[in-house]
Amino acid sequence: MWTGILKKQITVGLIKGRHEMPVDEYVWDKPMEGGIEHNLGILKGEAMKYIESRIGKELHLHVTGYSPALTGFLKAWNATDNPEGRLLLYHYDMDTKSYWSEEYQ
C-alpha cells in the first residue's frame, strides 16, 4: 500500500491580502479586523493554534509589515513545544525584488 510522502516544509505568509507572496497558505486567511488594541489580545492565541496544528513541520514564514502579527507569531512559536520544528523568516528586499531568509532560534 502506498502511503505517500508527508510534506515536512510549509511555505506560509502571515496575513492573506496584505501583499502578494509565494506561499502555500497563511496563518491568518483574511485581513485583520479591528484596531491594534483588539488584535494584540488575540494574535498570540490564534498563532498558537496554527503552530500546534503543524508540529514537527519546518515553517518558511514570509513576513508582512504588520509587526503585531509577527510578534504574536514569535511569542506563540517560543511557547510551543515543537522539538522537531524549524522556523525560517523571509524578508522582502525591495532593491532585488526577492526574499532573504534567516533562521529563527
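What percentage of the contacts in the protein with a separation of 6 or more is accounted for by residues 24 or more positions apart? The share is 57%, where a contact means heavy atoms within 4.5 Å.

The legends below describe a predicted model, in which local features need pLDDT of at least 70 and side-chain atom pairs count only at pLDDT 80 or more, while totals for chains, interfaces and linings use all residues. Residues are numbered from 1 along each chain as its sequence is written, and side-chain values use heavy atoms, with hydrogens and water left out.

**View 1. The overall fold of the protein.** The protein contains 3 helices and 5 strands, which follow one another from the N terminus in the order β-β-α-α-β-α-β-β; helices (H or I, at least four residues) and strands (E, at least two) are DSSP runs, numbered from the N terminus. With a radius of gyration of 14 Å, close to the 13 Å that the globule rule gives for 105 residues, the protein is as compact as a globular protein of that length; the radius is taken over C-alpha atoms, and the rule is 2.2 Å times the number of residues to the power 0.38. Buried residues make up 39% of the 105 residues, where buried means under 20% relative accessible area, exposed over 50% and partly exposed in between, with a 1.4 Å probe and protein chains only.

**View 2. The buried residues of helix 2.** Helix 2 spans residues 43-52, and its buried residues are Leu43, Ala47, Met48, Tyr50 and Ile51. They cover an arc of only 165° around the axis, which puts them on the same side of helix 2; the arc is that of the directions from the helix axis to the C-beta atoms. An α-helix has 3.6 residues a turn, so residues three or four places apart point the same way. The cover over the buried residues of helix 2 includes strand 1 (9-15), strand 2 (25-28), helix 1 (36-40), strand 3 (58-62) and helix 3 (67-79).

**View 3. Asn39 in helix 1.** Asn39, which is found in helix 1, is buried, with a relative accessible area of 2%. Not counting residues up to four places away in sequence, Asn39 touches Met32, Glu33, Gly34 and Tyr66.

**View 4. Pro22 in the loop between strand 1 and strand 2.** Pro22 lies in this loop and counts as exposed, at 53% relative accessibility. Residues up to four places away in sequence aside, Pro22 touches Thr11, His62 and Tyr99. Pro22 and His62 are 40 residues apart along the chain, and their C-alpha atoms are separated by 8.3 Å.
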